[in-house]
2 protein chains.
Amino acid sequence: MRGVSIIGVGQTPVGEHWDRSLRHLAYEAVSAAMQDAGVEGAHAMYVGNMLSGEISNQSHLGALIADFCGLRGIEAVKIEAACGSGAAAVRMGYLAVASGVHDLIICVGVEKMTDDVGGKLTAALAQAADAEYELAHGITFVGLNALLMRRYMHEYGVRHEDFAGFSINAHANAVGNPYAMFRRPITLEDFKHADMICDPINLLDSSPMADGAAAVVLCPTEQAHAFKGKPVHIVGSALATDCLSIHDRRDPLWLQAAEDSARRAYAQAGVTPQDIDLFELHDAFTIMSALSLEACGFAERGKGWRLAAEGEIRPGGRIPICTMGGLKARGHPVGATGVYQIVEAVLQLRGEAGACQIPDARLAMAQNIGGSGATIITHILEAEE
Amino acid sequence: MRGVSIIGVGQTPVGEHWDRSLRHLAYEAVSAAMQDAGVEGAHAMYVGNMLSGEISNQSHLGALIADFCGLRGIEAVKIEAACGSGAAAVRMGYLAVASGVHDLIICVGVEKMTDDVGGKLTAALAQAADAEYELAHGITFVGLNALLMRRYMHEYGVRHEDFAGFSINAHANAVGNPYAMFRRPITLEDFKHADMICDPINLLDSSPMADGAAAVVLCPTEQAHAFKGKPVHIVGSALATDCLSIHDRRDPLWLQAAEDSARRAYAQAGVTPQDIDLFELHDAFTIMSALSLEACGFAERGKGWRLAAEGEIRPGGRIPICTMGGLKARGHPVGATGVYQIVEAVLQLRGEAGACQIPDARLAMAQNIGGSGATIITHILEAEE
């Protein structure tokens, strides 16, 4: 099995791109990543996307995006794991390089959510949950997360405002990220008085829907120095699943797939949570940040919110998270998010994160979640010595 | 890079399964494949599917199907490449085993087309084509194939009835396959007088929509004899793409991705078309059979139809195709089809194809096509010595 490294990254700004369709967004990210790596071709492309069928009436994105990026003919398929599609595509790229079959691979996550002319977005996002056991009752995706948050607050005696730190940190960090959607700080008062979306989840607990694309170029570690950029090495890669239906989990407040995938990634990398310098976690809702920190070993059960309340998730804290704005403030183009997280981790490890830079970052973890925890992909990246 | 073998296969009958949903169909195929292999677990699952979002309001099939099959927690994602999704999922499984990351993998293709309560199926299938350049004009997927067939007839001076042999062979072969949807022979007269669907494509040029699921269990070749069944070895595996838009191809009557993927598979296997004992090709429409035979080197350009007219595609002919009914008569549950083809090739190579058995079959090729040729996956399988 060969080691796998990232030799190029690219991204579009996250936002409402009314002037560009799915393929144009993907092209922008892919061409930037190829330019960053100094490559003019690739052997395969894995496209992470959730909603193209529902929103853009387009399936078959592998061949479409590869062709539009000037790579007609190469191996290309779409990978889908709901909001975890982006990192799942990187995981497939990792396997393809590790296998020895391909040497140069592009993984791109792309999502176009604003073209929702049919008003189908809420229903399409809910498809991440179990259609027969959950959606049949009329619940939305944010509704499922609201149930989890309410249960967490009840079970552990936590107030809604105790989650504020997640959102405040994300917005503060996004200010320094030119690709982020919301580059403005928020206050505790803003958080407390934000409009209610689905009790207890309010607007500032929630990441925004958005358009965007992000891409990485992978190659075998043994060849990584043949390219122009500073490589970053994938030292841990794991994907784990859980049941879609929350009612079917042994403990709805425990992200078993986060624990499983993180444990495998730590073991592969030979590290522990204490070694991680920054953690790009999947803060689709503030509750998911707390659950993710607990399942990955950064906090005890029921105590994840404290890291936010005590400022330990901020730059300089014990475990900086969402260092470039996270899903909350960078924006959450669902099938692209997992690749954005990895692009941001790479920029941190190359020392190119600008105003968002975490000093001396050597090890970064990125974790992308599909649905309310049914698919979780964890990658650990290491800076070049 | 490790060799990869198939140690178990399973399938549901193809047809209209009004009593079973997507997950039940997948479970039936997966449990049959696991039983066939004599395994009780797996390290990963790749699910090929095209239409679950549109027709069943369900994305996120990887985790869903893995959990429903009793494999909660394992790595699992959905692979989509339009009608080529099934073989694309097998291709991903191949890469995952070859990589050394996973030892035991299940690839399952599943499609549920009859639950089309919203009447969305025709539009959903058309998403295999280019939404912005083709579908925007209102054309359907069968319409695109009809344009190709008309052009072929014009260009090479071929009559519609010259394609009859493809359909007659498929129906004749399906009689012996207990899993096939249409187990009845048809005649030349039937073919000539079938209802017109989209001129010149009539009902008997067309494969039927259907429900179904098929699964294979993969492991490293070096471990294949540790299991109870007779292994079949994947000696060639390749996936190639082309542009989605037919107008953008250099020659609309040439399946470049079929040529490319077949050439790579032949080279990997160290064989030529003359060595292939049977060919499970993608006869979604009769025209695709002709184009596939030409692009893969079984006939000269413009002469693929002659193999049908001269009976050379029948059992005992030069290159038997669709030996268990093909898409035409076994049925075409789109995202499952590519796995059905591979299951059938395995049965042939194990000598377990019953009334459909091709005597002394040693090398089989299976080719699955996404859209009108934009994603084409070719596998070459070899019988155990």
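Helix α13 of chain A, residues 334-349, contains 16 residues and reaches 24 Å from its first C-alpha to its last, close to the 22 Å expected at 1.5 Å a residue. The expected span is defined as 1.5 Å times one less than the number of residues. Helices (H or I, at least four residues) and strands (E, at least two) are DSSP runs, numbered from the N terminus. The model is predicted; local features need pLDDT of at least 70 and side-chain atom pairs count only at pLDDT 80 or more, whereas totals for chains, interfaces and linings use all residues. Residues are numbered from 1 along each chain as its sequence is written, and chains are lettered from A and ligands numbered from 1 in the order in which they are written.

α13(A) is mostly covered, 16 of its 16 residues being buried. A residue is termed buried if 20 or more other C-beta atoms, placed from the backbone, lie within 10 Å of its own, exposed if 12 or fewer do, and partly exposed in between. Just after α13(A), A:Gly351 adopts a positive phi of about 70 degrees.

The largest nonpolar core comprises 315 residues, and A:Val108 and B:Val108 are those with the most contacts inside it. Such a core is a set of buried Ala, Val, Leu, Ile, Met, Phe, Trp, Tyr and Cys residues joined through C-beta atoms within 7 Å. Leaving aside residues up to four places away in sequence, A:Val108 touches A:Ala26, A:Ala29, A:Val30, A:Met45, A:Val47, A:Ile65, A:Ala213, A:Ala215 and A:Val339. In soluble globular proteins, nonpolar side chains tend to be buried together.

Between the two chains, 51 residues of chain A are in contact with 51 residues of chain B; contact requires C-beta atoms, placed from the backbone, within 7 Å. On the side of chain A that touches chain B, at least two residues each come from α2 (52-56), α3 (61-68), β3 (75-80), α4 (85-98) and β8 (232-241). β3(A) provides the largest share, 6 residues. By class, this side of chain A has 25 nonpolar, 16 polar and 10 charged residues. Here Ala, Val, Leu, Ile, Met, Phe, Trp, Tyr, Cys and Pro count as nonpolar, Asp, Glu, Lys and Arg as charged, and the others, Gly among them, as polar.

β3(A) also pairs with strand β3 (residues 75-80) of chain B, in the antiparallel sense and over 3 bridges; pairing requires at least two bridges found by DSSP. A:Lys78 stands opposite B:Glu80 in β3(B).

| Site | Feature | Angle |
|---|---|---|
| A:Asp199 to A:Pro200 | cis peptide bond | omega about 10 degrees |
| B:Asp199 to B:Pro200 | cis peptide bond | omega near 10 degrees |
| A:Ala82 | positive phi, not glycine | phi near 55 degrees |
| B:Asp360 | positive phi, not glycine | phi near 55 degrees |

A:Pro200 lies in the loop between β5 (196-198) and β6 (201-202) of chain A, and B:Pro200 in the loop between β5 (196-198) and β6 (201-202) of chain B. A:Ala82 is in the loop between β3 and α4 of chain A and is buried, because 30 other C-beta atoms lie within 10 Å. B:Asp360 belongs to the loop between α13 (334-349) and β10 (363-370) of chain B; B:Asp360 counts as exposed because it has 8 C-beta neighbours inside 10 Å.

A:Glu132 is placed in the loop between α5 (121-126) and α6 (141-156) of chain A. With 15 C-beta neighbours inside 10 Å, A:Glu132 counts as partly exposed. The C-alpha atoms of A:Glu132 and A:Pro178 are separated by 41 Å, the two residues being 46 residues apart along the chain.
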